[in-house]
Number of protein chains: 2
Amino acid sequence: MTQSLPPTDRSLPIALIRAREGVMAPIREMLAETGLTEQQWRVLRVLAEHGQLDAKSLAERASLLLPSLTRIAATLRGKGLITQTQGDADRRRQFIAITSKGQRLIDANAPQAARIAAGFRAALGDADFDTLLDLLARLDPGAP
Amino acid sequence: MTQSLPPTDRSLPIALIRAREGVMAPIREMLAETGLTEQQWRVLRVLAEHGQLDAKSLAERASLLLPSLTRIAATLRGKGLITQTQGDADRRRQFIAITSKGQRLIDANAPQAARIAAGFRAALGDADFDTLLDLLARLDPGAP
DNA sequence: TCGCAACCATTAACATGTTAAGGAATGGCA
DNA sequence: TGCCATTCCTTAACATGTTAATGGTTGCGA
């Protein structure tokens, strides 16, 4: 089977980068007014959705590596948006929870975030949007 | 129209991140042996494909921001894989070209890179793979 | 219980992403 | 010609991505 390198234009990694760029642009625009980065917002959203989590679980659900989460948590703690407490039974664990201030920030921006998300779904159409999520999931090694 | 925030599991940005993670894993594994990062490899590939380019065009084709490219070019120059010359007619421009050493590095790794790319196409199937590239392109603001 | 492997989180070091500011060069226009 | 907005690239500053090493803790088997 002959195998030649595909042209960079049809490369899957580059297509993923560019799609992400397009998707993130309006989201970053929204977040700029809150002073949060995209990753900080993701951490808060996961905490709002799941309640208190240990660092490892939180990192997995937010698709972050632990070293990144360590730094992000320090920042969010400084902003008073999360709390962090050492585990009682297992003192290796760090439990992280959203504060009421953090929750208010989520609540205040959820409507616009939802509008943006709905906008992408509408742009592709329901069927194509779901197809896209399915295909992307098949590339995710953590989801098989 | 009511709009609630989708659960993080069904979020398009997170799906894109995770897919990218899955796609990049084998590529990074290959690149680790060459001492190149994924972005450095992308720059070399674009140069091999298009020949000498000015910095702006190169950044666009490699999906990099100019500040990133400036740093990457400095690194690649240090490794002797590219050359950089100031424009003659327009001295604002910096023209970047791949060296023979850089070309040899591309040639040496192209077969394995092609195998990896073919592997993803085979994993999804030709039809779904092309569908995916089309859907991703529709999210890219720079393409239509 | 002693010793050690495994685990959780952090720190470190380097590279890139992102935004803003700076510096050099060009082109157009009064 | 002289001014000035624009363009191209670089630098700066901060945040994250990535890999490796470190520091505490825990669990378990000899």
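Within how many Å do the axes of helix H5 (residues 100-124) of chain B and helix H6 (residues 126-139) of chain B come, and at roughly how many degrees do they cross?

Reply: The axes of H5(B) and H6(B) come within 6 Å and cross at roughly 105 degrees. Before going on: this is a predicted model, where local features need pLDDT of at least 70, side-chain atom pairs count only at pLDDT 80 or more, and totals for chains, interfaces and linings use all residues. Residues are numbered from 1 along each chain as its sequence is written, chains are lettered from A and ligands numbered from 1 in the order in which they are written, and side-chain values use heavy atoms, with hydrogens and water left out.

Helices here are DSSP runs (H or I, at least four residues), numbered from the N terminus, while strands would be E runs of at least two. Axes are lines fitted to C-alpha atoms, for helices over the stretch in contact, and angles run from 0 to 180 degrees between N-to-C directions. H5(B) and H6(B) are therefore roughly perpendicular to each other (65 to 115 degrees; under 35 is roughly parallel, over 145 roughly antiparallel, the rest oblique). On the H5(B) side, Phe120(B), Arg121(B) and Leu124(B) make the contact (heavy atoms within 4.5 Å); their partners in H6(B) are Asp126(B), Asp128(B), Phe129(B), Asp130(B) and Leu132(B). That set splits into four nonpolar, no polar and four charged residues (nonpolar: Ala, Val, Leu, Ile, Met, Phe, Trp, Tyr, Cys and Pro; charged: Asp, Glu, Lys and Arg; polar: the others, Gly among them).

Now for another pair in chain B. The axes of H2(B) and H4(B) come within 10 Å and cross at roughly 80 degrees, so this pair is roughly perpendicular too.

Two or more residues each come from helix H3 (55-61) and helix H4 (66-78) of chain A, and from helix H2 (38-50) and helix H4 (66-78) of chain B. In total, 25 residues surround DNA strand C (near means a heavy atom within 4 Å), with eight nonpolar, seven polar and ten charged. Sugar or phosphate makes up 66% of the atoms of DNA strand C within 4 Å of the protein.

Over on DNA strand D, Arg92(B) has a polar side-chain atom 2.8 Å from a base oxygen, while for Arg92(A) the distance to a base oxygen is 3.3 Å. Thr70(B) reaches a phosphate oxygen at 2.9 Å.

As for the chains themselves, a rotation of 180 degrees with 0.0 Å of shift along its axis superposes chain B on chain A, RMSD 0.0 Å (least squares on C-alpha atoms of residues with pLDDT of at least 70 in both). The two copies are thus related as by a two-fold rotation axis.

Definitions and conventions. A polar contact is a pair of N or O atoms within 3.5 Å; within protein, one must be able to donate a hydrogen and the other to accept it, and residues adjacent in sequence count only if both atoms are side-chain atoms.
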